[in-house]
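Open the model in your viewer and keep the selection tool at hand. The tour goes from one selection to the next and says what is there.

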Amino acid sequence: MTHAADNDALADPHAEIARLRAEVEALRAKSAELEKRAEAAEAAAEHDVLTPVLNRRGFVAAMTRTMAYCTRYKVPAALLYLDLDGFKGVNDHLGHAAGDAALVRVAEIMLENVRATDAVGRLGGDEFAVLLLNAGLDEGREKAAALKVALETADFTWEGRKAHLDGSFGVRAFAGHTDVEAWLAEADAAMWVRKRGR
């Protein structure tokens, strides 16, 4: 059987070349598919499973890159930390599906109101953060105020019932931070000062 196959291949080298080309094409297609899956898995690892923004891991990675860039090129940056106000009421009165939809809407509002060069992340639960490049403390505060208005004026309705979106922002400018968690903690603390002062 082997000798016959060998003899066939020798008798028709064009058929053998065509067979080999088909195998190579099949391997290329399989390789492209695996590469596509790997890219999708990598993207999923840094994106929130519910909302269209980065998850905590992805946002921390963006902060790390931004801190290095700001340090090297002496560029300003501002970190905004958002905690939604009254979010428990959305879950309690409208249900968890409504709460999930509200989180998606908040993420969309944030994305709609920042530049493509800025990063938006959901840090967990109802906490979000925005990283503004080429922006100092004043610009960060202005953006936080604008985002707060965008949230408050957003039309969020679930099954015919309206819910009010609102939040408290803390803002901290980049000040040579070398620790991502320290910068986040400062912005978080600033947010709690604002929340308690309401």
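Select Phe-156 to begin: its relative accessibility is 5%, so Phe-156 counts as buried (buried means under 20% relative accessible area, exposed over 50%, partly exposed in between, with a 1.4 Å probe and protein chains only). The model is predicted, so local features need pLDDT of at least 70 and side-chain atom pairs count only at pLDDT 80 or more, while totals for chains, interfaces and linings use all residues. Residues are numbered from 1 along each chain as its sequence is written, and side-chain values use heavy atoms, with hydrogens and water left out.

Phe-156 lies in strand β4, residues 156-158. Helices (H or I, at least four residues) and strands (E, at least two) are DSSP runs, numbered from the N terminus. Now show what surrounds Phe-156. Leaving aside neighbours within four places in sequence, Phe-156 is in contact with Ala-98, Ala-101, Ala-102, Arg-105, Arg-161, Lys-162, Ala-163 and Leu-165 (contact means heavy atoms within 4.5 Å). Take Arg-105 from that list: Phe-156 and Arg-105 are 51 residues apart in sequence, but 7.6 Å apart in space, C-alpha to C-alpha.

Next, select Glu-159, in the loop between β4 and β5 (161-163). Its phi is near 50°, a positive value in a residue other than glycine. Glu-159 is exposed, with a relative accessible area of 69%. Then go to Lys-74, in the loop between α3 and β1. Phi of Lys-74 is also positive, near 55°, and Lys-74 is exposed at 70% relative accessible area.

Now select the sheet. In what order do its four strands lie? The order is β2-β3-β1-β6, in an open sheet with antiparallel pairing; two strands pair if DSSP finds at least two bridges between them. The edge strands, each pairing on one side only, are β2 (119-124) and β6 (167-173). On average, neighbouring strands of this sheet are turned by 20° against each other, direction ignored. Here axes are lines fitted to C-alpha atoms, for helices over the stretch in contact, and angles run from 0 to 180 degrees between N-to-C directions.

Zoom in on β2 and β3. Strand β3 covers residues 127-133 and pairs with β2 over five bridges. Gly-121 has Ala-129 in β3 as its bridge partner, and Gly-124 has Glu-127. The two strands form a hairpin with two residues between them, and Gly-125 in the turn has a positive phi of about 55°. Five of the six residues of β2 are buried.

Select Met-110 next. Not counting residues up to four places away in sequence, Met-110 touches Leu-82, Val-120, Phe-128, Val-130 and Leu-147.

Finally, select α3 (residues 56-73) and α7 (residues 180-196), whose axes come within 10 Å and cross at roughly 105°. That makes α3 roughly perpendicular to α7, as angles of 65 to 115 degrees count as roughly perpendicular, under 35 as roughly parallel, over 145 as roughly antiparallel and the rest as oblique. Arg-56, Phe-59, Val-60, Met-63, Thr-64 and Met-67 in α3 meet Val-180, Glu-181, Trp-183 and Leu-184 in α7.
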